[in-house]
Amino acid sequence: MESVQDPVVSPSPSPLPVLVHDLGTQTDDQPTQYSISSQALSTVAIDELRRYRCFVTPQGWVLALDPASCQTFLWRPQDGERIQLPPKEHGFPESCKCLLSDMPGAASGCSVVVFDLDDRQLWVCKIGASDWDSHRYEPAMYVKGKIPRMSMRNIAKCHGIAAVGGKIYFELTAREMGVIEFNVKEGLKLDTIEVDMVDLPLSTPMASMYLLESCGDLFLVVIFFDGDNVHKIANHAVYKMDFLEPEWCEVHEIGADRVFLLGGDMLGKSCFGASCLAADHGLRGNHIYFLNHMATTESFLHVIDLKKGTEQVQRPFRHDGYNMPVRSPFWLLPTEPTLQAQGSSFVPFVI
């Protein structure tokens, strides 16, 4: 394991993807951005993060809520493009997580989904709709014969969750994964698929798991810590879902064309996983960038080279005198330009 030199401070905006360190203590605080491609820090103000309540998504778009008007919109950090959404009366609860069912402009449509991390409730708004729909999922037990199969729990809290092909998948039990389907006629539908969870070795009792979508495939990344020491990574494993079986298949590389970005967006309360094209953004492929949100006072970035089997630790915020933030540093990601599908009705706008 090797540590790199201290990052350079730049007065210009950092190229995406970046880690954003937001103390959130003063309204005029400027969040610090760390570019993983240039390994440089920037303190350029991001107006949307200051004016609105923002929820990052693995697809790169950010859901923004205006606290004054309760107006909502999707915002793309790389160019400022916005997609208008209807107001959300009374806003959202304090602890939430947001995903998109697909990319805006997808032929199947795109739904914005917000999960309450403290309650079994979620809100859905399909792009082009006039309102947010509220859904509750109550604790339940599904029985096959006399054998308990599944007990519902909070879908997004402390568990991996990812959207693939217009459906949202989440960790459920050792034998099943949960699925959220979006159907125009039936509305939101909760279902399961039978698949064995990967075996975790007894020698590494502490692990953190991340579901993510990459190029249309579903991946599971497991970060193993050194015993009970969450400050040190002992090992890692990557699995790809084979939906035909279905089963998790271990892979040792993810491809030279992409990187995985992992972290947590609520100080360990919710896991975050995303994928990003490598060459397009000045990155070396076949790498995992893991922001260790389990060790909340450090914010170390572990860079894992899957081909070489090496790990490097970057400490972008260590010399800036930061106290523990209100939330862990979070990812701002690039995304592909919006493609307006035939028949879709979303409205891009710029303020």
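User: Why is C276 called buried?

Analyst: The relative accessibility of C276 is 4%. Buried means under 20% relative accessible area, exposed over 50%, and partly exposed in between, with a 1.4 Å probe and protein chains only; C276 therefore counts as buried. This is a predicted model, in which local features need pLDDT of at least 70 and side-chain atom pairs count only at pLDDT 80 or more, whereas totals for chains, interfaces and linings use all residues. Residues are numbered from 1 along each chain as its sequence is written, and side-chain values use heavy atoms, with hydrogens and water left out.

User: What makes C215 partly exposed?

Analyst: C215 has a relative accessible area of 49%, and so C215 is classed as partly exposed.

User: How many disulfides are there?

Analyst: A disulfide is a pair of cysteine sulfur atoms within 2.5 Å. By this rule the count is 0.

User: How many aromatic pairs does the structure hold, and why is the pair of Y169 and F243 called tilted?

Analyst: There are 8 aromatic pairs. Rings of Phe, Tyr and Trp (its six-membered ring) pair if their centres lie within 6.5 Å; planes under 30 degrees apart count as stacked, over 60 as edge-to-face and the rest as tilted. The ring centres of Y169 and F243 are 5.3 Å apart and the planes stand at 45°, so this pair is tilted. Y169 belongs to strand 17 (residues 167-171), while F243 sits in the loop between strand 22 (229-242) and strand 23 (247-251); the pair therefore ties together parts 74 residues apart in sequence. Strands (E, at least two residues) are DSSP runs, numbered from the N terminus. Y169 is buried at 8% relative accessibility, whereas F243, at 37%, is partly exposed.

User: What makes the pair of F219 and F260 edge-to-face?

Analyst: Their ring centres lie 5.2 Å apart and their planes are at 65°, so the pair is edge-to-face. Since F219 is in strand 21 (residues 217-226) and F260 in strand 24 (residues 258-264), the contact ties together parts that are 41 residues apart in sequence. Both F219 and F260 are buried.

User: Which residues do ring pairs link into a cluster?

Analyst: The cluster consists of F55, F92, W123 and W132.

Conventions
Helix = DSSP H or I, 4+ residues; strand = E, 2+ residues; numbered from the N terminus.
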